[in-house]
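Student: I have a new structure open on my screen and would like to learn how to read it. Could you walk me through some of its features?

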Amino acid sequence: MADKQFDVLIIGGGPGGYVAAIRAAQLGLSTAVVEKDKLGGICLNWGCIPTKALLKNAEVYNLLKHADQFGFTFDNLKADFSKAVKRSRDTSNRLSKGIEFLFKKNKIEHIPGTAKIAAKGVVEVTQPGKTDRIAAKHIIIATGARPRSFPSIPIDKKRIITSTEAMVLPEVPKRMVIIGAGAIGVEFAYLYSSYGTEVTIVEMMDSLLPIEDREVTKALRRVFEKSGIKVMTETKVESATASDNDVTVTVSNKDGKKELKADIALVAIGVQGNIENLGLEALGVKTDRSFITVDEHYRTNCEGIYAIGDVDGPPWLAHVASAEGIHCVEAIAGKNPHPVDLGNVPGCTYCQPQVASVGMTEEKAREKGYELKIGRYPFRSHGKAIAINETEGFVKLIFDAKYGELLGAHIFGSEATEMIAELVAARTLETTAEQLIQTIHAHPTLTEGVGEAALDAYGEAIHI
């Protein structure tokens, strides 16, 4: 017999789970969330939010180091990294408490503990000293993912670390090797380099941010190398060995093998789904490697069991998890929700300059056989960018020459992650180049660059 019963029980309280819970409650479904840690999941507590707080500190520090350009001078500028870490932790704690408030407001029950699906419609929740049986018509797995590791790179959380440990280091290391040049690796490279760490990024693929447009990644590499970050692409990590005092990372490329010495090695080579100990094998829930297989409504092959967010595979983004959670519970409630369009998901990297994109890269569009019109607008020619001293970067728009469809948008610059929303909306509304050109952008704003890039695709740019 069950101790409690709900319409929807969600395992995991991250950006997929807690958003799904709130939407389910709004739709009149009795809802509970099993979360063994703080509400908000990895994203809010150990990912998206605290890293952005740390990156803001790095951005401010870099600004102050060049304050003379704005007419300010300092005799003894100092950076207290421990205070930056504390601010990031305080930010996460505040937002986690905010989710607790939203749960109370929406009458969602938070059940602390570890969940296992015992049978169809039954979840066992274990806390120290007791196990409760919870009945639910619909069970949503939103357990997220964790950093991947390899036997040749044994993570000891002291010398060889993941992004979690990188957010709370007691002091700034003198030397750091970052293994992996995706968004996480690039963001931490910017963060620690800003505080004076000698950073080396090692990436097996041939560019930083391998999924981004090559024009953008080349520009990012140039900026990183100019700032003192060493970039080793097309380089494989053979092993990493930690001692009491340092770590040795052995790499190989076309030039042969090389040993890199550092105080810290940060492993940022992707994620694997948290599917263990959920009872999936006994129920016969299909998985692919470490991810749960779902259909367009996030249903697994077992009736009444669903999976959303990172645990169902890429793209591993908080905003995708939230969108999937909303779609999933709306389908459960009998609505007819629009499919989540994974071809129109914004990607954001919060180094400085920032990188943001949506849709196809130029390489992918050409591969698909499109005839293209491409427009670019550099921030070095941009009045607002010059006024705020942020002239590095550009807007790049990729249109189908035949119909004017916006195939892809790529921004490299100061506020790229904020600017990309306009272009996501444009693609959602099937906006053409002509309509973007006709859109009046406020002056002076960085988003004027979007209009100018659209004009440039057709040879009509005004300011270049």
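Tutor: Happy to. Let's begin with a term we will need for the side chains: buried means under 20% relative accessible area, exposed means over 50%, and partly exposed is in between. Please keep in mind that this is a predicted model.

Student: Which residue forms a salt bridge with Glu225?

Tutor: The partner is Arg221, and the closest N and O atoms are 3.1 Å apart. For a salt bridge we look for a side-chain nitrogen of Lys or Arg within 4 Å of a carboxyl oxygen of Asp or Glu. Glu225 and Arg221 are separated by about one helical turn because they are 4 residues apart in helix α7, which covers residues 214-226. Arg221 has 25% relative accessibility, so Arg221 counts as partly exposed. There is also a set of salt bridges that share partners: Asp213, Glu215, Glu362, Arg366, Arg376 and Lys396 are joined by them into one network.

Student: Where is Glu362 found, and is Glu362 buried or exposed?

Tutor: Look in helix α10, residues 362-367. With 15% relative accessibility, Glu362 counts as buried. Setting aside residues up to four places away in sequence, Glu362 touches Asp213, Glu215, Leu372, Ile374, Arg376, Lys396 and Ile398.

Student: How many salt bridges does a search of the whole structure find?

Tutor: The search finds 23. One of them joins Glu187 to Lys52, with 3.4 Å between the closest N and O atoms. This pair links distant parts of the chain, since Glu187 lies in helix α6 and Lys52 in helix α3, 135 residues apart. Glu187 counts as buried at 8% relative accessibility, while Lys52, at 23%, counts as partly exposed. Another salt bridge brings together the side chains of Arg214 and Asp206, at 3.1 Å from N to O. Arg214 is partly exposed, with a relative accessible area of 30%, and Asp206 is partly exposed at 34%.

Student: Let's go back to helix α3. How many residues does α3 have, and what distance does it reach?

Tutor: For a helix, we can compare its reach with the span expected at 1.5 Å a residue. Helix α3 runs over residues 48-65, which is 18 residues, and reaches 26 Å from its first C-alpha to its last, close to the 26 Å expected.

Student: Which residues of α3 are buried, and what do they pack against?

Tutor: The buried ones are Pro50, Thr51, Ala53, Leu54, Leu55, Ala58, Tyr61 and Asn62. The buried residues of α3 pack against α2 (41-46), α4 (81-105) and α6 (183-194).

Student: How do I read the cysteines? Which of them does a disulfide join?

Tutor: A disulfide is a covalent bond between the sulfur atoms of two cysteines. This structure holds 1 disulfide, which joins Cys43 to Cys48 with an S to S distance of 2.4 Å. The cut-off used for such a pair of sulfur atoms is within 2.5 Å.

Student: Why is the disulfide of Cys43 and Cys48 left-handed?

Tutor: The torsion about its S-S bond is about -130°, so the disulfide is left-handed. As for the two cysteines, Cys43 counts as buried at 16% relative accessibility, whereas Cys48 is partly exposed, with a relative accessible area of 28%.

Student: What is the closest cysteine sulfur to that of Cys302, and to that of Cys348?

Tutor: For Cys302, the closest cysteine sulfur is in Cys328, 14 Å away, too far for a bond. Cys302 is buried, with a relative accessible area of 14%. For Cys348, the closest cysteine sulfur is in Cys48, at 11 Å, which is again too far for a bond.

Student: And the surface: which residues make a nonpolar patch?

Tutor: Leu63, Phe70, Phe72, Phe74 and Leu77 make a nonpolar surface patch of about 480 Å². You will find Phe74 in the loop between α3 and α4. Its relative accessibility is 43%, so Phe74 counts as partly exposed.

Key: Residues numbered from 1 in each chain as written. Predicted model: local features only at pLDDT ≥ 70, side-chain atom pairs only at ≥ 80, totals over all residues. Heavy atoms only, no water. Helix = DSSP H or I, 4+ residues; strand = E, 2+ residues; numbered from the N terminus. Expected span 1.5 Å × (residues − 1). Buried < 20%, exposed > 50% of the residue type's maximum accessible area, 1.4 Å probe, protein only. Contact = heavy atoms within 4.5 Å. Patch = residues over 30% accessible without salt bridge, like charges linked within 9 Å, V, L, I, M, F, W, Y side chains within 5 Å. Areas by Shrake-Rupley, 256 points an atom, 1.4 Å probe, with all protein chains shown as cover.
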